[in-house]
Amino acid sequence: MLKSFARLSTQTLSKRTFASSAVSRQAAAVPTSLQRFTEEELLLKESVARFAQDIVKPKVEEMDRTETMDPTIIKGLFEQGLMGIETESQYGGSECSFTSAIIAIEELSKVDPSVSVFCDVQNTLVSTLVREYATPSLKEKYLTRLATDTIGCFALSEAGSGTDAFALQTRAEDKGDHYLLNGSKMWITNSGEADIFLVFANVDPSKGYKGITCFIVEKEWGVKVAKKESKLGIRASSTCVLNFDDVRVPKENVLGEVGTGYKYAITILNEGRIGIAAQMVGLAQGAYDIALPYLFQRKQFNTYIGDFQSMQHQYAQIAIDIEAARLLTYNAARLKEEKRPFIKEAAMAKLYSSQVAEAAASKAIEWCGGVGFTRELGVEKFFRDSKIGAIYEGTSNIQLQTIAKLVAAKYK
């Protein structure tokens, strides 16, 4: 049964306001709309929206300026149960549906996409990998920390292996009872705050990508967080270079099986793309929600800007685009949740949502005119943040290639 819910205070961070529950949406016997959510999901949506408005929003401008994630927000995300949304309650998680995680990511992104991706990576990449492939002892050791107080990150990309991820050069040398990791990683989200790293390294380069293995590595073992990137957008989200110099990793910290890391990476990134789609949908909605009220506050030629027909056509079209992106995203989420094929749908959602986010944020600036171009309203930040959607967790060209391959297979 669902626990009782308490409302968030604007003065203090209360504990989570949604339930720890195993309830999930079952495949409906009677078709339903994609706007149909469980009671648990609706309560979570309300809770996250309140947290974003009351706790995150007052800190957005400063975090963007200083390029740091406020510690009170990190603390609040854990206290609200938002860093282990799908994780079982026995490990301190919220034990909610995958769609619940997507809802949380969208709601956070309406206020700050940086906080959204911070939550997204922890849930759809790091915790899911540990939950799906770790041994019982590793789950006990790491899932509890990831759900309650410790940041994790997904360390795959390198200087020479971005889209071509399997060209990675980080090496893991078998030393009998442990591995020695040597190499470096780039563009690693959340690495500035992380203490747990899921590191992909090759144990046998002669086998090519079939030597790639995933390791759970703790920062205190010698992981060096080097250069922090100064970025166009999502500035509060840390993106750093990682160096591994003879980092000793116990053999029991191999995640899953040796040599199957490439499979885990492919699988989890397909899921992660739904999270990025949700981030982009939330971003588009956030920019739209700032701009639209302005159109009915400012007059020109004694007429509200929003009442000019040319403006009506523009914001009507963006409303359609945001809704279409949202439906693609939640369709992919439900398919994944129901254990049905979703790779094509995830790629479509990620691609289209990133396009809509950039277009919506750009239009929002134009609609607000000169003030939109300044930092006063905050829409320019959404525009800067939107560009990353076409790049990380699979570029737009890769999404198109994936979609084309799956579509063509149906007709060949």
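Me: Is Glu 380 buried or exposed?
Reply: Glu 380 is buried, with a relative accessible area of 11%. Here buried means under 20% relative accessible area, exposed means over 50%, and partly exposed lies in between, with a 1.4 Å probe and protein chains only. This is a predicted model, in which local features need pLDDT of at least 70 and side-chain atom pairs count only at pLDDT 80 or more, while totals for chains, interfaces and linings use all residues. Residues are numbered from 1 along each chain as its sequence is written, and side-chain values use heavy atoms, with hydrogens and water left out.

Me: Where is Glu 380 found?
Reply: Glu 380 is found in helix α11. Helices (H or I, at least four residues) and strands (E, at least two) are DSSP runs numbered from the N terminus.

Me: What does Glu 380 touch?
Reply: Not counting residues up to four places away in sequence, Glu 380 touches Ile 365, Gly 372, Thr 374 and Arg 375. Contact means heavy atoms within 4.5 Å. The side chain of Glu 380 is also joined to that of Arg 384 by a polar contact of 2.8 Å. A polar contact is a pair of N or O atoms within 3.5 Å; within protein, one must be able to donate a hydrogen and the other to accept it, and residues adjacent in sequence count only if both atoms are side-chain atoms.

Me: How many residues of α11 are buried?
Reply: In α11 (residues 379–386), 7 of the 8 residues are buried, and the helix is mostly covered. Among the buried residues are Phe 382 and Asp 385.

Me: Which helices do the buried residues of α11 pack against?
Reply: They pack against α2 (60–66), α4, α5, α7 (261–295), α9 (343–367) and α10 (369–373).

Me: Turning to α4 and α5: at what angle do their axes cross?
Reply: The axes of α4 (residues 98–109) and α5 (residues 113–133) cross at roughly 160° and come within 7 Å. That makes α4 roughly antiparallel to α5. Axes are lines fitted to C-alpha atoms, for helices over the stretch in contact, and angles run from 0 to 180 degrees between N-to-C directions. Angles under 35 degrees count as roughly parallel, over 145 as roughly antiparallel, 65 to 115 as roughly perpendicular and the rest as oblique.

Me: Is the crossing of α4 and α5 left-handed or right-handed?
Reply: The crossing of α4 and α5 is right-handed. A crossing is left-handed if the near helix is turned anticlockwise from the far one by less than a right angle, and right-handed if clockwise.

Me: Which residues make the contact?
Reply: α4 contributes Phe 98, Ile 105, Leu 108 and Ser 109, and α5 contributes Pro 113, Val 115, Ser 116, Cys 119, Asp 120 and Thr 124. These residues divide into 6 nonpolar, 3 polar and 1 charged. Ala, Val, Leu, Ile, Met, Phe, Trp, Tyr, Cys and Pro count as nonpolar, Asp, Glu, Lys and Arg as charged, and the others, Gly among them, as polar.

Me: And how do α7 and α8 pack?
Reply: α7 and α8 (residues 309–337) pack at an angle of about 155°, with their axes 9 Å apart. That makes α7 roughly antiparallel to α8. Their crossing is left-handed. The residues of the contact divide into 16 nonpolar, 2 polar and 3 charged.

Me: New topic: what is phi of Trp 187?
Reply: Phi of Trp 187 is near 60°, a positive value in a residue other than glycine. Most residues other than glycine have a negative phi. Trp 187 lies in strand β3 (residues 178–189). Phi of Asn 190 is likewise positive, near 70°. Asn 190 lies in the loop between β3 and β4 (196–202) and is buried, with a relative accessible area of 0%.

Me: What does Thr 189 touch?
Reply: Thr 189, which lies in β3, touches Val 117, Val 121, Cys 153, Ser 237 and Ser 238, not counting residues up to four places away in sequence. At 15% relative accessibility, Thr 189 counts as buried.
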